[in-house]
Amino acid sequence: MTEKTKLHYEVIVVGAGVAGIYQIKRLVDLGIEATVLDSANGLGGTWYWNRYPGCRFDSESYTYGYSFSRELLEEWHWKERFSSQPENLRYLNFVADKFDLRRHMQFNCKVDAARFDETRNLWCVSVSGGRELTCRFLVLAIGLLSAPTMPRIEGIDSFKGLSFHTYYWPHEPVDIAGKKVAVIGTGATAIQLIAEIADKVAELTVFQRRPNWSAPLNNSPISEEEMADIRARYDEIFEACTHTPGAFLHGPDHRGFYEVTREERLELWDKLYDEPGFGIWLANFREIFMDEAANSELSKYIADRIRQRVSDPKVAEKLIPRDHGFGVQRLPLETNYYEAYNRDNVHLVNLQETPIERITEKGLKTTEREYDCDIIVYATGFDAITGAYDRIDIRGIGGERLFEKWKDGPKTFLGMLVRGFPNLLMPTGPQSASASTNFPRGIENGVNWCMGVMQYMWDRGYTRAEAMHEAEERWTAHVVKMYEIMLMRKAKSWFTGYNSNVPGHEEGKIRYFVYNGGTPKFVAIINDIAAKGYEGIAFSSNAPPEQGAMSLRTRNCVES
Ligand SMILES: Cc1cc2nc3c(=O)[nH]c(=O)nc-3n(C[C@H](O)[C@H](O)[C@H](O)COP(=O)(O)OP(=O)(O)OC[C@H]3O[C@@H](n4cnc5c(N)ncnc54)[C@H](O)[C@@H]3O)c2cc1C
């Protein structure tokens with residue numbers, strides 16, 4: 001029986017990104033009947049889809065890769081400190097091939113709907129093309145930044161040139177040489193893209209609604225010798241990531257912001273700004289995330305660094321954010337982004353002064369003038385965190401829709417289970433620690449914990465696990481409380497669920513999307529809950545529990 005003709009699995013994993021790949025690895029190691037479904041035509045998730053020029057990590061490559069296999073760590077050579085998308089995709093394919101995982105994956109399979117069958121304690125999964133599958137456990141590894149959003153502008157279909165969202169950047173090469181290109185948006189993606197293509201196109205016009213703070217990536221190649229040293233230190237590196245809030249190597253400066261002089265603060269900032277990676281954000285004083293005055297002083301410092309890099313003072317002022325402080329949103333890192341605006345062929349249009357009225361056949365029309373172009377790139381981001389969930393019609397007990405339950409924001413238990421939706425597991429769900437940290441570190445924690453829940457049930461013959469009401473309320477209240485102390489609660493960003501292009505996500509309502517307590521605290525909480533027999537989860541069985549622990553390898557899979 002081929003994967004495409006099987007109708008029942010013990011576990012269906014949706015999503016073949018970093019999370020889905022590790023999830024299926026854990027399952028096949030145990031001999032569990034499982035499959036991965038992905039709407040894409042290949043594995044890799046984020047690194048399969050986002051193929052725009054300049055797309056790369058802002059996590060150090062060697063802290064992003066999987067930690068679970070010593071052999072894998074020995075074999076893979078990261079070529080750059082912050083590796084680029086083609087290399088990241090090669091890495092994930094290498095992992096899948098090394099562990100022979102591809103045969104457990106089905107591509108071009110979009111999950112449209114999933115319904116919990118209460119009498120059988122099974123999920124019924126509807127896949128594009130009309131296929132219906134069933135499974136005991138439905139593991140959603142569908143990503144937190146995987147539902148791209150287009151701006152709500154009139155006339156998008158009327159443009160006669162090439163146009164695409166960065167998520168859908170074509171797989172075949174796009175000839176940008178000598179072309180007039182318009183980029184809409186100045187978020188993390190645009191910041192990478194603009195810097196990369198500025199010297200390759202004839203004209204580049206950037207349409208900016210709100211500037212973002214950004215700081216240098218300071219990337220560099222990794223030589224054979226450096227990689228050998230990294231390999232020798234992998235245990236130390238991953239161990240260090242378990243102790244920092246963001247699961248990066250960058251941990252906060254332990255001095256108090258007000259305990260040191262301004263000169264000492266400047267000395268630290270000068271050093272961090274020139275160092276690779278998130279140091280300027282995460283190795284800074286803790287107060288910058290919570291204290292308006294501390295944040296404002298740092299924001300002024302970064303604004304001055306921008307002014308030093310942009311030749312035209314008017315352009316520099318346009319690139320400095322006024323509506324939020326530095327670091328209260330996930331910080332984009334850049335390579336020569338600000339210098340791109342010193343080029344004669346790069347133009348910045350401030351949409352707050354002259355909004356776009358419509359897309360035309362030839363380009364864009366703002367309230368001021370028309371801009372002709374050959375290519376329009378929509379770098380307009382994602383319906384973040386819950387977008388991919390909202391796009392599946394998920395129905396739990398009594399037909400309750402997850403979309404309805406989360407209409408005003410998600411409610412979860414540990415970001416991994418939802419009351420009313422038994423046997424639905426989300427290793428990196430909304431309100432888990434993944435989104436606010438170095439993702440793969442959170443992914444490994446989440447997958448391992450979800451595996452623990454399933455193993456607990458297999459061992460005891462349970463067929464149903466559901467988060468309890470009180471446990472879900474308590475976790476969600478805890479997530480909300482963590483926002484109260486953070487300046488990020490005031491920012492219009494995906495941490496607070498703001499997206500003017502998604503109906504219902506406009507300004508005015510905070511959605512408590514991510515867990516801000518940091519990795520060490522999150523891991524301590526989930527481990528404690530596991531140690532207490534998954535306190536907060538109600539387990540039951542629709543059949544008399546089978547005798548003793550069940551051998552997973554001999555476990556029969558019902559073929560309907
Ligand atoms: C441009 C960019 C750069 C990033 N850089 C970093 C970084 O440097 N460091 C970091 O920690 N994080 C980074 N991230 C976050 C990144 O998303 C995670 O690091 C990680 O790749 C998430 O893996 P995942 O498996 O959870 O989800 P994803 O990689 O998003 O994979 C989800 C998969 O689910 C599939 N899917 C979704 N819905 C359905 C459905 N209904 N049916 C079938 N399939 C479905 C999608 O096709 C996709 O393949 C970046 C994100 C972006 C967009």
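Begin by selecting Tyr 341, which is found in the loop between helix H13 and strand S12 (346-350); helices (H or I, at least four residues) and strands (E, at least two) are DSSP runs, numbered from the N terminus. Keep in mind that this is a predicted model, in which local features need pLDDT of at least 70 and side-chain atom pairs count only at pLDDT 80 or more, while totals for chains, interfaces and linings use all residues. Residues are numbered from 1 along each chain as its sequence is written, and side-chain values use heavy atoms, with hydrogens and water left out.

Is Tyr 341 buried or exposed? Its relative accessible area is 6%, so Tyr 341 is buried, where buried means under 20% relative accessible area, exposed over 50%, and partly exposed in between (1.4 Å probe, protein chains only). Leaving aside neighbours within four places in sequence, Tyr 341 is in contact with Thr 186, Ile 194, Val 206, Val 315, Leu 319, Val 346 and Leu 348; contact means heavy atoms within 4.5 Å.

**Helix H11**

At the start of H11, a side-chain oxygen of Asp 291 reaches to within 2.9 Å of the backbone nitrogen of Ala 293. The buried residues of H11, among them Leu 298, Tyr 301 and Ile 306, pack against several elements, including helix H9 (262-273), helix H12 (313-318) and helix H13 (337-340).

**Thr 149**

Move on to Thr 149, in the loop between strand S6 (131-140) and strand S7 (162-165), which counts as buried because its relative accessibility is 4%. The side chain of Thr 149 makes a polar contact with the side chain of Asn 499 (3.4 Å); a polar contact is a pair of N or O atoms within 3.5 Å, and within protein one must be able to donate a hydrogen and the other to accept it, while residues adjacent in sequence count only if both atoms are side-chain atoms.

Now select Ser 59, which lies in the loop between H2 and helix H3 (61-64) and is buried, with a relative accessible area of 2%. Its side chain makes a polar contact with the side chain of Asn 438 (2.8 Å), and Ser 59 also touches other residues, including Tyr 64, Arg 81 and Phe 248.

Finally, show the ligand: which residues come nearest to it? Of the 35 residues around the ligand, Asp 38, Thr 46, Asp 58, Ser 59 and Tyr 64 come nearest, a residue being near if one of its heavy atoms lies within 4 Å. A polar backbone atom of Thr 46 is 2.7 Å from an oxygen atom of the ligand, whereas a nitrogen atom of the ligand has a backbone N or O atom of Val 111 at 2.8 Å. An oxygen atom of the ligand also lies 3.5 Å from a polar side-chain atom of Asn 438. Helix H1 (18-29), helix H2 (46-49) and helix H16 (439-460) are the elements that give two or more residues to the shell around the ligand.
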